[in-house]
Amino acid sequence: MNDSDRSLQAAFVDPMSPQIDDSTAYSSGVSAVEHVLLVISNRRNWVMGIIAGALVIGLILTFLATPQFSSTARIEILPDSPIATNVEGQRDRSLINEVAFYNTQYSLLESESLAERVVRAGNLTVDKDFAAAFGLDHVEAGMTSDQRKGLSNSAVRILLSNLSVSPVRNSSLVDVSFSTPSPQLSAKLANLWVTQFVQSTIDRRFAATSDARQYLESRLSRLRENLEASERALINYSTDKGIVTISSETDTSGRTQNRTLVGSDIADISAALVKAREARIAAEADLSNSVVGSAQINAPTLGALRQRRAEAAAELAQLRTLFGEDYPAIASLRAQVATLDQSIQAETARSSQGNREAYNSALRRERELQRELDELTAKYNTQQRQSIQMAILQREVDSNRQLYEGLLQRSKEIGVAGVGPNNISIVDRARPANGASSPSLPLNIALSLMLGVACAAAAVFLIEKMDNSVRDPQEVVSRFNLPLLGAIPELVDGDVADAILDKKSQIYEAYFSLMTNLSFLTEHGAPKSIMLTSSRPKEGKSNSSLSLATVLAATGRSVILVDADVRNPSINRYLDVPNKRGLTHYLSGDDRLSEIISPLDKFGFSVITAGKTPPNAAELLGSERMGLLIETLLTQYDHVLVDSPPLLGLADAPLIARRVEGVVFTIEANSTRTREIGTALRRLRMSGARLFGAIVTKVGARNHIYGYGYGYGYGFSYGADKGEP
């Protein structure tokens with residue numbers, strides 16, 4: 001025994017053990033497309049029925065529908081007037097959001113207000129053709145205002161429901177269509193609609209221009225008053241504070257910069273002070289120089305005196321070389337030099353005094369200008385503190401002036417734009433249609449097919465989601481905590497009793513795998529006594545009992561099959577054996593056991609049929625003679641298989657389960673609900689029976705989409721045995 005066999009045997013020792021893999025099963029992944037196709041194939045009756053129903057409904061509605069005639073009028077909508085009326089400052093056309101503009105126009109074309117305008121313009125509430133086409137009541141003289149309003153509202157709703165607005169791609173053209181039972185009425189409504197749309201645009205433009213002009217005029221009047229009041233407050237404040245403004249300048253942001261008299265004086269005094277300081281510094285430098293500054297006036301006289309003294313001193317020096325000091329000419333020249341020295345000294349003193357006076361004069365001028373500048377600065381600082389409020393008033397004046405000038409310019413622009421032509425024009429007027437536009441049989445068939453496919457897909461999806469039956473055999477492990485003993489395929493044709501005799505058939509291979517798994521359940525191999533049951537009838541337990549008995553007998557073992565489903569016996573029908581005497585006779589006290597055993601040479605095992613249906617089946621099956629029968633049979637046969645009744649609604653199966661070594665639970669794929677299986681298993685476990693595991697029967701092509709298939713080339717098209725219990 002290899003490692004996989006040991007793990008399989010260990011798994012079956014405990015009936016609550018985890019999943020056991022079937023040797024004949026494998027997980028097969030499928031693509032999403034294959035999954036969808038297989039699901040549709042499984043539910044093809046639903047799909048075909050829903051699609052056929054949708055087609056029938058579509059055809060009925062098509063033939064019952066009233067023919068509709070469509071007429072189309074075409075208009076052109078331009079973002080701006082075709083004749084330019086732009087003036088300086090007008091909004092640039094490049095800034096217009098054309099997408100928003102056209103979406104707005106499309107919404108206006110489909111607006112309720114335009115429909116009301118068309119009803120009034122065409123007087124549709126009294127139009128006989130319109131009323132006859134849509135079944136409206138006729139206007140009568142005795143109608144109240146509410147009734148007339150209700151009739152008008154009905155006409156509006158009819159217009160909007162039959163209107164179609166279709167922009168022409170990559171152009172400024174828009175098609176407006178109406179569909180009614182009358183071709184003349186459709187053309188009339190389409191032309192009336194576009195005409196009123198053009199007229200409403202013109203009215204809205206002039207109304208907007210007039211309203212805007214009135215609003216701007218009232219705003220201009222208030223802003224003019226505000227501007228005058230702010231200017232008056234500014235002038236009064238500057239007068240009270242003695243602030244004299246000599247010039248004003250406006251910067252690029254519109255703010256006004258004022259130049260006051262004090263500020264101008266400070267600038268002038270500052271310039272004069274700089275010059276006076278320069279003059280004082282120059283005069284101070286001339287104090288020690290007798291030839292610059294004011295001394296320059298006496299410079300020629302002083303030069304002449306010095307020239308004469310030099311000549312006299314030269315002549316005196318010459319005479320002294322010839323004569324003595326007492327010589328008269330020398331004495332005269334010496335007196336002349338002394339006189340010239342005195343004159344030069346006096347003249348030099350006079351020049352220095354002039355520079356001193358010039359310096360003193362420059363110093364006085366500088367000090368006077370500095371004192372005047374200090375006074376003006378103090379006054380300017382005072383005005384600066386006062387100019388805070390003045391600046392506030394000035395900003396208010398500037399703001400009011402800007403608002404006033406902006407609104408004045410806008411008012412002029414509106415006056416110019418109001419005379420521009422309309423930007424919406426009618427290109428083609430509607431004409432009566434030659435043929436009906438709807439209903440269209442090909443279109444309705446296509447729509448019905450699409451709707452049918454969508455409904456069929458939704459129905460199949462809901463059915464698949466609501467179906468909680470076992471579709472993947474491996475689910476018995478996760479849902480019910482049962483080991484999976486085997487998965488039995490559906491049978492396409494014929495009878496199970498005949499198919500099981502062919503050792504190359506899928507059925508034989510599947511039950512041979514089941515027998516192999518059963519051989520790992522106990523230390524002595526396959527259980528000696530086994531009961532096969534199910535939740536409800538026709539899940540394949542009887543076929544499984546017959547097939548398992550055949551496979552066990554084929555291995556050389558002696559096997560007997562007991563049909564314990566005494567309320568609804570079926571083994572005798574499948575094996576074509578008489579049911580005159582059987583299990584119920586033995587349980588009722590007939591000890592002639594050999595007479596109720598029927599050997600089947602064809603299948604290699606023996607069978608005990610159910611016998612006549614008793615009135616007290618549960619009492620008989622729960623009696624001690626049932627256990628005695630199984631014990632007696634085990635002395636003669638290697639294996640005893642019991643085909644029991646279903647669990648739900650009957651007490652027979654739990655009573656039999658206590659007499660056998662264990663139970664194999666049968667589940668029909670794609671049929672039995674999870675709730676039924678869970679209830680049956682709870683009843684079985686409450687009886688104390690030992691659950692070996694479960695087998696899933698009638699596994700077919702539909703189960704392939706859930707990841708389960710068969711090896712050994714079985715395929716997935718076995719069909720179903722309609723008569724199988």
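I will speak about confidence, then the nonpolar cores, and finally a surface patch.

What we have here is a predicted model. The protein chain has an average pLDDT of 76, and 75% of the residues reach at least 70. Two stretches call for caution. Across residues 1–29 the pLDDT stays under 50, and the model gives this stretch 66 contacts beyond four places in sequence. Residues 290–295 also have a pLDDT below 50, with 14 contacts in the model beyond near neighbours in sequence.

Let me turn to the interior. As a general matter, nonpolar side chains in soluble globular proteins tend to be buried together. In this model, the largest nonpolar core holds 47 residues. Which of its members touch the most others? They are Met531, Leu583, Ile608, Leu633, Val642, Phe665 and Leu684. Taking Val642 as an example, and leaving aside residues up to four places away in sequence, its contacts include Ile530, Met531, Leu532, Val562 and Ala564. Val642 also touches Met626, Ile630, Ile656 and Val660. Another core, of 38 residues, lies apart from the largest one; among its members are Ile507, Ala510, Tyr511 and Met515.

Finally, the surface. Leu59, Phe63, Leu441, Ile445 and Leu449 make a nonpolar patch of about 410 Å². Helix H3, spanning 44–64, and helix H12, spanning 441–466, are the elements that each supply two or more residues to the patch. H12 gives the most, with 3 residues. Ile445 is located in helix H12. Ile445 counts as partly exposed because its relative accessibility is 31%, where that class lies between 20% and 50%.

Terms used:
Residues are numbered from 1 along each chain as its sequence is written. This is a predicted model: local features need pLDDT of at least 70, side-chain atom pairs count only at pLDDT 80 or more; totals for chains, interfaces and linings use all residues. Side-chain values use heavy atoms; hydrogens and water are left out. Patches are made of residues with over 30% relative accessible area and no salt bridge: like charges are joined within 9 Å, nonpolar side chains (Val, Leu, Ile, Met, Phe, Trp, Tyr) within 5 Å. Accessible areas come from the Shrake-Rupley method with a 1.4 Å probe; for residues, only the protein chains shown count as cover. A salt bridge is a side-chain nitrogen of Lys or Arg within 4 Å of a carboxyl oxygen of Asp or Glu. Helices (H or I, at least four residues) and strands (E, at least two) are DSSP runs, numbered from the N terminus. Buried means under 20% relative accessible area, exposed over 50%, partly exposed in between (1.4 Å probe, protein chains only). pLDDT is the predictor's confidence in each residue, from 0 to 100. Contact means heavy atoms within 4.5 Å. A nonpolar core is a set of buried Ala, Val, Leu, Ile, Met, Phe, Trp, Tyr and Cys residues joined through side-chain atoms within 4.5 Å.
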